[in-house]
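Colleague: I have a model open and would like to learn how to read it. Could we go through it together?

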Amino acid sequence: MLRNVFLKTLRDQRRSLLWWGIGLLALTSLTVATYPAVTDVPEGFDEFLEQLPEALARIFIGGFTDFTSPEGFLNTQLFVLVVPIMFVIFAVLGGSGAIAGEEGAGTLSLLLTSPLPRWRIVVQKFGAVAVATFTLALLLWVSLAIGAVAVDLDVSTLRLAAVSFSTALLGVAFGALALALGCITGARGTSAGAASGVAMAAYFLNALAPISDVTTPLQKLSPFYYFIGADPLTNGLNILHVSVLLGLTAVALGVALLAFERRDVRG
Amino acid sequence: MSTVIELDGLTKHYGSARGIAGVDLEVNEGEVFGFLGPNGAGKTTTIRLVLDLIRPSSGTARVFSLDARHDATLIHSRTGYMPGELALYDGLTGTEMLQYAANLRGGVDRGFVEELAERLDCDLSRPIRTLSTGNKHKVGLIHALMHRPELLILDEPTSGLDPIVQQEFHRMLDEVRAEGRTVFLSSHILPEVEAVCDRVGIIREGRLVTVLQVKALKESAVNDLEFHFAAEVPADEFASLPGVREVTVEGTVVRCTITGSVDAVVKAAARHEVLDVISHERDLEEVFLAYYTGESGDAA
């Protein structure tokens with residue numbers, strides 16, 4: 001695990017990945033375990049949800065009004081809020097730590113005076129953050145697929161893979177943003193905080209913009225829209241939306257490379 | 001003999017007064033060059049510019065005749081660096097840390113790493129977070145030396161090392177020089193520079209004041225000697241001796257400020273019964289002042 005910067009960065013994330021994995025496993029298994037109880041609820045639960053104030057409903061369960069179908073259940077319980085936020089935070093912590101973390105710890109000087117160009121260090125670190133995030137997504141997919149079989153939750157394994165993949169893409173996009181902010185500022189806390197703030201704003205933009213016809217188009221400015229807007233659990237991956245998330249990631253990575261190439265390094 | 005480091009008008013402005021201004025310097029192949037100056041004089045700034053960790057406001061730095069900025073990767077592959085504020089990966093052991101660094105360099109001779117560790121009395125099996133400052137320093141030195149670089153850049157390399165290890169390290173530097181490799185080391189400790197360097201560049205407040213042979217530095221060095229005699233001794237016995245700048249007598253205690261060799265004063269003192277001799281550490285600022293007054297004297 002010490003062969004190169006990529007593997008070393010993955011190694012640094014192994015404990016974090018373990019605990020996030022355990023947390024994610026607990027979340028998915030507990031959630032899926034409540035599914036049989038939900039399907040026993042008397043008819044009318046979906047109607048009840050429809051009567052919630054729209055803003056409240058949109059913040060906590062997205063645009064979904066169907067709570068008892070397998071897809072509606074998983075979307076409202078997991079994929080509207082909790083799971084994407086988990087992935088965003090995980091990737092943001094990794095992205096902000098990648099360069100700015102080493103700079104703060106003072107170890108960046110030694111790394112940069114090894115015979116590696118700066119851009120390769122950034123690319124390898126980004127690769128490690130992306131791989132760790134996708135590993136978490138793989139765990140999400142496998143645990144949901146097994147859980148679905150266990151409680152008779154009738155949902156396509158392939159579509160579960162699609163929504164897990166989409167979640168990872170969202171996380172990686174914000175991880176790349178945090179990496180870029182870290183490459184610009186060299187400050188881990190600042191980059192993690194700012195990237196989380198942007199993620200929060202993006203979440204509310206996606207959730208609340210559709211309330212008024214005037215603001216609806218603004219929804220398309222939010223990366224969250226491209227993660228869940230096309231409902232990948234029901235419809236599979238939307239190539240255009242996937243491309244947008246990949247494009248955002250590429251832009252952030254490009255900014256990270258350019259900024260880091262030019263900057264004076266402190267630690 | 002070729003030039004290994006070549007600085008031409010190298011300037012780095014920071015917000016306020018820190019940084020360096022117009023540093024011109026050449027370090028030759030096979031020499032141990034000392035970069036001497038008080039803390040905050042710009043030693044670390046210069047080193048970080050040479051290593052492309054920071055970028056100059058103006059001027060250029062060349063290493064092995066390569067551009068410090070555009071050929072940084074090539075330069076780094078032939079250079080060993082020990083930062084002044086050394087930070088290692090706390091979660092790794094010394095061996096793991098060095099293995100990682102070696103992997104990034106495409107491998108190094110492991111036998112040589114073990115030899116260096118043995119000579120510096122450094123336990124590489126312990127996690128770095130459990131090491132004392134001195135022991136971390138040893139790992140940092142091994143890290144700089146292990147790939148037998150053509151150029152060693154060492155920022156305050158011996159701070160935190162105990163004297164015995166320091167001596168061993170100085171022997172290592174002699175070996176590096178004997179192999180025709182080059183050392184550029186910064187220090188704020190005059191005796192250290194005198195002990196290991198061939199030439200010295202003196203930097204103060206961001207400007208290179210002078211570059212001279214260590215021999216010349218010793219000749220102009222200022223010593224304060226304090227003699228405690230058994231009986232009173234007349235001051236004029238010392239005042240007329242070569243190199244003596246100032247003599248004060250307080251009862252049986254005589255204090256002399258001497259430029260250059262202390263030989264005459266010590267021999268004069270030996271004619272009397274000496275109870276104690278105290279040698280005060282020479283002050284770097286005094287050395288600088290000597291050069292400043294020297295400079296203004298030349299100009300006038």
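Predicted model: local features only at pLDDT ≥ 70, side-chain atom pairs only at ≥ 80, totals over all residues.

Colleague: At what angle do H2(A) and H9(A) pack, and how far apart are their axes?

Modeller: Two packed helices are described by the angle between their axes and the distance between the axes. Helices are DSSP runs of H or I with at least four residues, numbered from the N terminus. Axes are lines fitted to C-alpha atoms over the stretch in contact, and angles between N-to-C directions run from 0 to 180 degrees. Here H2(A), residues 14-33, and H9(A), residues 118-150, pack at about 25° with axes 10 Å apart. H2(A) and H9(A) are therefore roughly parallel (angles under 35 degrees; over 145 is roughly antiparallel, 65 to 115 roughly perpendicular, the rest oblique).

Colleague: Which residues make that contact?

Modeller: Contact means heavy atoms within 4.5 Å. Among them are Trp20(A) and Leu24(A) of H2(A), and Leu136(A) and Leu140(A) of H9(A). The contact of H2(A) with H9(A) has eleven nonpolar, five polar and no charged residues (Ala, Val, Leu, Ile, Met, Phe, Trp, Tyr, Cys and Pro count as nonpolar; Asp, Glu, Lys and Arg as charged; the others, Gly among them, as polar).

Colleague: How do the axes of H7(A) and H9(A) cross?

Modeller: The axes of H7(A) and H9(A) cross at roughly 160° and come within 10 Å, so these helices are roughly antiparallel. Leu136(A) and Leu140(A) of H9(A) take part here too, with H7(A) residues including Phe87(A) and Glu102(A). By class, this contact of H7(A) with H9(A) has 13 nonpolar, three polar and two charged residues.
As for H2(A) and H7(A), they pack at about 180° with axes 12 Å apart, which makes H2(A) roughly antiparallel to H7(A).

Colleague: What does Glu102(A) form with Lys125(A)?

Modeller: Side chains of opposite charge can pair when their charged atoms come close. Glu102(A) forms a salt bridge with Lys125(A), with the closest N and O atoms 2.6 Å apart (the rule is a side-chain nitrogen of Lys or Arg within 4 Å of a carboxyl oxygen of Asp or Glu). This pair links H7(A), residues 82-105, to H9(A), across 23 residues of chain. Over all chains the count is 22 salt bridges.

Colleague: How much area do chain A and chain B bury between them?

Modeller: The size of an interface is often given as the accessible area lost when the parts come together. Chain A and chain B bury about 2300 Å², 58% of it on carbon and sulfur atoms (accessible area uses a 1.4 Å probe, and the loss is summed over both parts). The contact takes 27 residues from chain A and 25 from chain B. Two salt bridges cross this interface, and Lys12(B) meets Asp264(A) in a salt bridge at 2.4 Å, N to O.

Terms used:
Residues numbered from 1 in each chain as written. Chains lettered and ligands numbered in written order. Heavy atoms only, no water. Helix = DSSP H or I, 4+ residues; strand = E, 2+ residues; numbered from the N terminus. Buried area = accessible area lost by both parts, 1.4 Å probe.
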